[in-house]
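Colleague: Hi! Could you walk me through this one? I'm new to it.

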Amino acid sequence: MNCREVRETLSAYLEKEVSPAMAGKIETHLAECENCRLITEELKALNKSLSSLPEVEPSPALLTKLYAIPGQVELEISPAAGEPEKVSIFSRKFWLSPAFQPLLVSLTVILIVASLVFFTQPGRSFQKSLSLEFHRAYSQAQRVLVKAGVITDRLNGFRESLRASLGSDQLPKSDQN
Amino acid sequence: MEVKEIVQKCLEGETGAWKMLVDCYSKRIFNLAYQFAGSRQEAEDLTQDIFLKLYSSLAKYDFNHDFTAWFLTLARNYLIDEFRRTRIEKSQRFEGEEPDLPACEDDNPEIRYLGEEKARAVRQALQQLPPDLRMVLVLREIEGFNYEEIASRIKVPLGTVKSRVNRARLELARIILAKTGGKYELP
């Protein structure tokens, strides 16, 4: 194992979360590498230091602010206390309320797309190509319908000539109807 | 007076009860915030925010549960959310300020001095860690959470938490060794 590999697994090694084989490889490396050994020792010492860091005293000024919280909060909430806040339909707060946000987002997207389509050069050419495509598809559908009519007429003609050549009495009854 | 009684009196609007609650928990919450924030000023602001949140959420407290555990969870969640939301902390936060370290229990002045020096070095090194690394290290080493709990609290994959904790420890060791004159070269 090289130094990088050892350091990537040092935490797991110190927490005994590596396999015995892996632990053996790490220990072999540590026996040979002074730098990694030094770090490992520091990490062991750090674990103890971190969990026993001395506590810091809050300042008297902070305590004064904390003691004063009930007064501040009462002052802030007292106008609305006891009754639900009424929000006018014309107020900004009403339209920016969370319930309207999906609607506002959708409207914004629609406006952006519409302005891109109607007021920009690429939008106009897109519009033009879309209408061309539509007309092309329409005329193609018409051509298909005409072709279908021609085929039907031919089939009918073929049926008539067949009937004439064979004689109407030889045809099945269903066809006579 | 039991803490639940104090809470009840707070809900009834007794100012004295609120003062008692602040006296009971301010030190613990301030230290928690200090470990997360890395600077005394920010820790004071966070402590104030947490107590404001406590005051506004006090009515939601369920008296069947342990108040200390409930409050600490509220504080930790607030700190984690704040940490994830802002992420504006500079990587080099340490500005040379020295924490007010309390007197050590040890009678031997030399040992006491060495203990204080070590604690100061560790705290300063902790303040120099990038926020993401410091947060996982605080949760793991100081708050004592396991990796799975940290992953679920800060909403990152388990593997990322493990690798961040490892990187945080290595970085902390590097900073401390550099200060004490030890050799440490990252590969």
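Colleague: How many helices and strands does chain B have?

Modeller: Chain B has 8 helices and 0 strands. Helices (H or I, at least four residues) and strands (E, at least two) are DSSP runs, numbered from the N terminus. This is a predicted model, where local features need pLDDT of at least 70, side-chain atom pairs count only at pLDDT 80 or more, and totals for chains, interfaces and linings use all residues. Residues are numbered from 1 along each chain as its sequence is written, chains are lettered from A and ligands numbered from 1 in the order in which they are written, and side-chain values use heavy atoms, with hydrogens and water left out.

Colleague: What share of the residues in chain B is buried?

Modeller: Of the 187 residues in chain B, 47% are buried, meaning under 20% relative accessible area with a 1.4 Å probe, protein chains only.

Colleague: And at what angle do α2 and α6 of chain B pack?

Modeller: Helix α2 (residues 15-37) of chain B packs against helix α6 (residues 131-142) of chain B at about 140 degrees, and their axes are 8 Å apart. Axes are lines fitted to C-alpha atoms, for helices over the stretch in contact, and angles run from 0 to 180 degrees between N-to-C directions. So α2(B) and α6(B) are oblique to each other. Angles under 35 degrees count as roughly parallel, over 145 as roughly antiparallel, 65 to 115 as roughly perpendicular and the rest as oblique.

Colleague: Which residues of α2(B) and α6(B) meet?

Modeller: From α2(B) there are B:Gln35, B:Phe36 and B:Ala37, and from α6(B) B:Arg134, B:Met135, B:Val138, B:Leu139 and B:Ile142; contact means heavy atoms within 4.5 Å.

Colleague: Switching to chain A, how do α8 and α9 pack?

Modeller: Helix α8 (residues 101-119) of chain A and helix α9 (residues 121-166) of chain A pack at about 80 degrees, with axes 5 Å apart. That makes α8(A) roughly perpendicular to α9(A). In this contact, α8(A) supplies A:Leu116, A:Val117, A:Phe118 and A:Phe119, while α9(A) supplies A:Gln121, A:Gly123, A:Arg124 and A:Gln127.

Colleague: Where is confidence lowest in chain A?

Modeller: Among its helices, α10 (residues 173-176) of chain A is lowest, at a mean of 50, and α5 (residues 60-67) of chain A is highest, at 92. The score is pLDDT, the predictor's confidence in each residue, from 0 to 100. Where pLDDT is low, the predicted coordinates should not be read in detail.

Colleague: What is the mean pLDDT of chain A?

Modeller: The mean is 82, and 84% of the residues of chain A reach 70 or more.

How values were computed: Buried means under 20% relative accessible area, exposed over 50%, partly exposed in between (1.4 Å probe, protein chains only).
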